[in-house]
Amino acid sequence: MSKVLLIESNAKLESIYTLNLRVYLGLEPVTKKAGQFALKMIESDDSISLIISRAKIGEEDTAFLIYNLLMKKNKNIPMIVIGTITDLGLKQYSIQLKGGVDLKSLIKRCAQAINITAQMMAQKEVPKYFSIPANYFLELTASNCEVFRQDFDDSGNVIYKQVFTVGQAFTPEQVKQLVSSGVIEFYILRDLRLAFVNQVTSEMITKLTDKEIEEGDKVLLGKISMEVITGKIGEIGITHETVALAKNTMKTIVSNAIETPDLRLLMKNLLDNKAGYLFQHTQVLTYVVLHLVKNIDWGTKEHEEKLVFVSFFHDIVLKQDDWAKISSKDELQKADYSREVMDIINNHARKASELIKEYPNAPAGVEQVIRQHHGALNGVGFDATLNMNLSPLSMAFMVAEEYTNQLILCGQEKINKPLVMAHLRSKFATARFKKIIDVLEQITI
Ligand SMILES: [Fe+2]
Ligand SMILES: [Fe+2]
């Protein structure tokens with residue numbers, strides 16, 4: 001078996017990589033926390049066939065340090081580097097990944113580097129009950145497949161006893177208790193191992209903070225987190241756990257918006273990362289509302305907080321991209337969904353606003369804006385007539401959202417700004433919208 005050396009200081013990422021490499025490629029990587037601890041091994045061990053390393057770990061130029069040693073010792077071991085490389089020689093020598101949370105790309109690159117094909121993986125023998133170290137279960141609150149533990153029957157044969165059913169809620173304490181009773185590994189059925197690993201990976205990634213990841217990871221981190229949260233809120237509602245995840249994700253989304261120099265680049269990042277409509281929509285909308293609050297005369301820090309919150313939660317009960325794209329009665333009729341889906345879409349604003357009532361210390365007034373975001377005071381259906389009783393903040397949000405929708409509609413094509421602005425001015429024709437639209441017009445696109 002090929003030996004893979006993984007150099008990563010972040011314990012969470014190290015666990016994520018180790019599990020994915022093992023399950024997807026049958027590799028058991030050897031890990032080191034920094035380049036300096038790996039040098040001796042690289043020099044003396046001739047069985048290393050691949051090195052995966054962060055570009056930088058703390059102050060250490062990790063990848064460059066390793067590359068230098070390889071050159072000096074005349075060793076030709078392929079390198080995959082996560083993060084930004086500045087050295088030209090290293091750039092040419094290695095495979096560079098801008099970020100480390102795109103596991104699909106990482107796995108693909110590893111497979112290419114050491115010539116593992118899908119066919120080879122398919123032919124690999126895997127036991128019916130596939131083992132997963134118990135510590136990974138500390139990261140979950142439920143599993144998407146049945147979980148077993150090994151035991152012995154009266155005649156000493158190995159048997160597998162179910163510990164958790166699909167979707168059954170469990171706590172870290174329960175897992176710890178099982179560990180202290182001697183369970184080191186849990187088992188899942190082999191055919192479900194990829195789906196399981198994907199679940200664990202997403203959930204672990206969602207807990208990463210933006211300080212722990214590379215610049216190039218932020219969009220994907222936001223996307224994965226949003227998917228996890230939408231799923232969890234649907235299952236368990238607003239809890240301590242979902243609130244913590246939501247706060248973490250809103251932070252990432254805001255920092256994406258602030259740190260990207262302009263909206264075009266942000267949209268390009270989203271498209272490059274195949275962000276999907278729901279996340280793309282939330283991310284661009286956050287950019288737009290931040291711009292609006294910053295530049296309009298009534299804008300305060302509180303408004304900023306409110307509108308970021310609303311951008312994140314307003315469509316949270318919609319699970320599919322095409323559901324979230326619907327913004328009028330007409331579009332809903334044309335889409336020809338089942339009664340059940342129509343119901344979900346028609347009631348999503350009301351449902352989301354009800355959910356938010358459970359959110360501890362939500363900014364004042366967000367519940368109302370979420371309820372009114374399609375123009376209906378009670379949050380049911382879509383109302384194009386712009387009721388005069390809508391709150392001013394709801395109106396501002398609606399304009400920002402319509403503007404966002406128009407930008408996203410343009411996709412990769414050049415945005416026709418005059419056309420977008422004309423559309424906004426005709427849709428929101430009264431004087432009270434003029435200032436808002438004027439501010440949106442200043443955004444460089
Ligand atoms: Fe929306
Ligand atoms: Fe909506």
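This is a predicted model: local features need pLDDT of at least 70, side-chain atom pairs count only at pLDDT 80 or more; totals for chains, interfaces and linings use all residues.
Reader: In which order do the five strands of the open sheet lie?

Author: The model holds an open sheet of five strands, with parallel pairing. Its edge strands, each of which pairs on one side only, are β2 (30-32) and β5 (95-97).

Reader: Which residue of β3 is the bridge partner of I7?
Author: Strand β1, which covers residues 3-7, pairs in the parallel sense with strand β3, which covers residues 48-54, and the pairing runs over five bridges. Within β3, the bridge partner of I7 is S53.

Reader: What angle does the direction of α5 make with that of β5?
Author: Neighbouring strands of the sheet are turned against each other by 20° on average, with direction ignored. Helix α5 packs on this sheet, where α5 touches β3, β4 (79-82) and β5. With the direction of β5, that of α5 makes about 175°.

Reader: How far apart are the axes of α9 and α12, and at what angle do these helices pack?
Author: Two packed helices are described by the distance between their axes and by the angle between them. Helix α9 spans residues 218-236 and helix α12 spans residues 277-295, and α9 passes α12 in a right-handed crossing. Their axes are 10 Å apart, and the packing angle is about 115°.

Reader: How do the residues of the contact of α9 with α12 divide into nonpolar, polar and charged?
Author: From α9 the contact takes in G222, K223 and M226, and these meet L278, F279, T282 and Q283 in α12. Sorted by kind, the residues of this contact are three nonpolar, three polar and one charged.

Reader: Does N115 count as buried or exposed, and why?
Author: N115 is found in the loop between α5 (103-113) and α6 (118-123), and N115 has a positive phi of about 55° although it is not a glycine. Because N115 has 9 C-beta neighbours inside 10 Å, it counts as exposed.

Reader: Where is K274 placed, and does it count as buried or exposed?
Author: K274 has a positive phi of about 45°, although it is not a glycine. Its place is in the loop between α11 (263-272) and α12. K274 has 11 C-beta neighbours inside 10 Å, and therefore K274 counts as exposed.

Methods: Residues are numbered from 1 along each chain as its sequence is written. Chains are lettered from A and ligands numbered from 1 in the order in which they are written. Axes are lines fitted to C-alpha atoms, for helices over the stretch in contact, and angles run from 0 to 180 degrees between N-to-C directions. Helices (H or I, at least four residues) and strands (E, at least two) are DSSP runs, numbered from the N terminus. A crossing is left-handed if the near helix is turned anticlockwise from the far one by less than a right angle, and right-handed if clockwise. Two residues are in contact if their C-beta atoms, placed from the backbone, lie within 7 Å. Ala, Val, Leu, Ile, Met, Phe, Trp, Tyr, Cys and Pro count as nonpolar, Asp, Glu, Lys and Arg as charged, and the others, Gly among them, as polar. A residue is buried if 20 or more other C-beta atoms lie within 10 Å of its own, exposed if 12 or fewer, and partly exposed in between; C-beta atoms are placed from the backbone. Two strands pair if DSSP finds at least two bridges between them.
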